[in-house]
Amino acid sequence: MFVEAAERESFAGAADALNVTQAAVSKQMASLEDRLETALFSRRHRSVVVTAAGRAYLPVARRVLALLDAGLNEASGLSARRAITVEVDIEFLDLVLAPRLLRLQAEIPDTDVIFVPTIPGRHKPQSDLAITYGHPRADAASVERLCGFTVFPVVSPSLLETSAKPFETLCLLHDVDTYWWDTFLRAQKVLRYDQGFVLGSGALAIRAALAGQGIAIGDNVLCCDALQRGDLVQIGTATFPGRDDYWISEHPNMQEDPVTALLRNWLKAETAQTIGRTQHARVS
């Protein structure tokens with residue numbers, strides 16, 4: 001109000017600009033002068049003139065208004081953002097989604113995504129979207145198969161160079177049990193009595209293989225980036241289909257939500273591209 005009155009040197013002009021009464025402007029200016037303990041205007045019969053103190057205060061008031069405008073703009077930007085919670089299989093989050101966060105951000109730039117890592121069989125009911133392994137969420141409004149996968153042994157090229165018979169001599173890295181290694185060793189007609197290491201998850205076994213610690217059971221989803229870079233290579237010719245699939249399921253409140261739909265479509269496209277890239281890396 002002071003800026004309008006000072007720039008016009010008119011309480012009436014300020015009142016018109018602000019759509020208030022002239023009496024309201026006059027009262028506010030008097031109150032401001034009382035707080036500052038100085039006269040900002042010299043009042044005449046039909047006009048007002050800005051005093052020297054008023055001219056000194058004017059740029060200060062303009063800066064305050066600019067800061068208020070900036071704060072309003074920032075608040076508007078914050079209010080335009082939204083957040084969604086995504087429950088996701090911890091191995092898929094670690095090896096597939098985490099390296100692609102910038103691409104996801106470009107797809108939904110005004111959305112904050114809260115990933116909640118889970119293990120199969122343990123779901124987070126309040127999540128908006130779920131990417132689960134083995135089974136979709138029971139309370140989902142819509143369910144879609146994201147992908148299956150193909151399983152095969154992987155090893156770092158540098159470790160592979162140390163052994164002419166890797167299946168017989170290199171350390172075996174298991175996920176949660178010995179099922180897959182029992183299957184592959186039978187396919188390779190290799191008999192071994194040493195178990196190696198059971199690390200508790202496929203992602204941990206794959207990361208140990210990346211570190212050159214042994215051979216892990218990998219697949220064309222979790223190992224996509226490492227195979228493409230050449231950090232891991234498939235060994236042997238035997239492959240097996242995975243025992244379960246990955247699923248996308250949606251909370252009932254998220255039906256027809258445009259941001260959730262964008263995220264779902266991005267996940268499907270990215271996963272399809274991932275599987276295609278892995279197949280190319282394996283046959284090259």
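Visitor: At what angle do the axes of helix α5 and helix α10 cross?
Guide: In this predicted model, two packed helices are described by the angle between their axes and the distance between the axes. For α5 (residues 90-97) and α10 (residues 202-210), the axes come within 8 Å, and they cross at roughly 35°.

Visitor: Which residues of α10 make the contact with α5?
Guide: The residues of this contact divide into three nonpolar, one polar and three charged. On the α5 side the contact is made by E91, D94 and L95, and on the α10 side by G202, A203, I206 and R207.

Visitor: Is α5 largely enclosed by the rest of the structure or largely open, and which of its residues are buried?
Guide: Buried here means under 20% relative accessible area. The buried residues of α5 are E91, F92, L93, L95, V96 and L97.

Visitor: Which element supplies the largest share of the lining of the largest cavity?
Guide: The count comes to one cavity of 30 Å³ or more, and the largest cavity has a volume of about 60 Å³. Its lining is formed by L173, H174, D175, D177, T178, Y179, W180, W181, G202, A205 and I217, which by class are six nonpolar, three polar and two charged residues. At least two lining residues are supplied by each of β8 (172-174), α9 (179-187) and α10, and the largest share, three residues, comes from α9.

Visitor: Is R264 buried or exposed, and which side chains make polar contacts with the side chain of R264?
Guide: R264 is found in helix α12 (residues 258-283), and its relative accessible area is 10%, which means that R264 is buried, the cut-off being under 20%. Leaving aside residues up to four places away in sequence, R264 touches L129, S142, E144, I248 and E250. Among these, the side chains that make polar contacts with the side chain of R264 are those of S142, at 3.1 Å, and E144, at 2.7 Å.

Note on methods:
Residues numbered from 1 in each chain as written. Predicted model: local features only at pLDDT ≥ 70, side-chain atom pairs only at ≥ 80, totals over all residues. Heavy atoms only, no water. Axes fitted to C-alpha atoms, helices over the stretch in contact; angles between N-to-C directions. Helix = DSSP H or I, 4+ residues; strand = E, 2+ residues; numbered from the N terminus. Contact = heavy atoms within 4.5 Å. Nonpolar A, V, L, I, M, F, W, Y, C, P; charged D, E, K, R; others polar. Buried < 20%, exposed > 50% of the residue type's maximum accessible area, 1.4 Å probe, protein only. Polar contact = N/O pair within 3.5 Å; in protein donor to acceptor, adjacent residues only side chain to side chain. 1 Å grid on protein atoms, 1.4 Å probe; cavity = no way out; pocket = protein on both sides within 12 Å on 5 of 7 lines; lining within 4 Å. Points joined across faces, edges and corners; volume = space filled by probe spheres on them.
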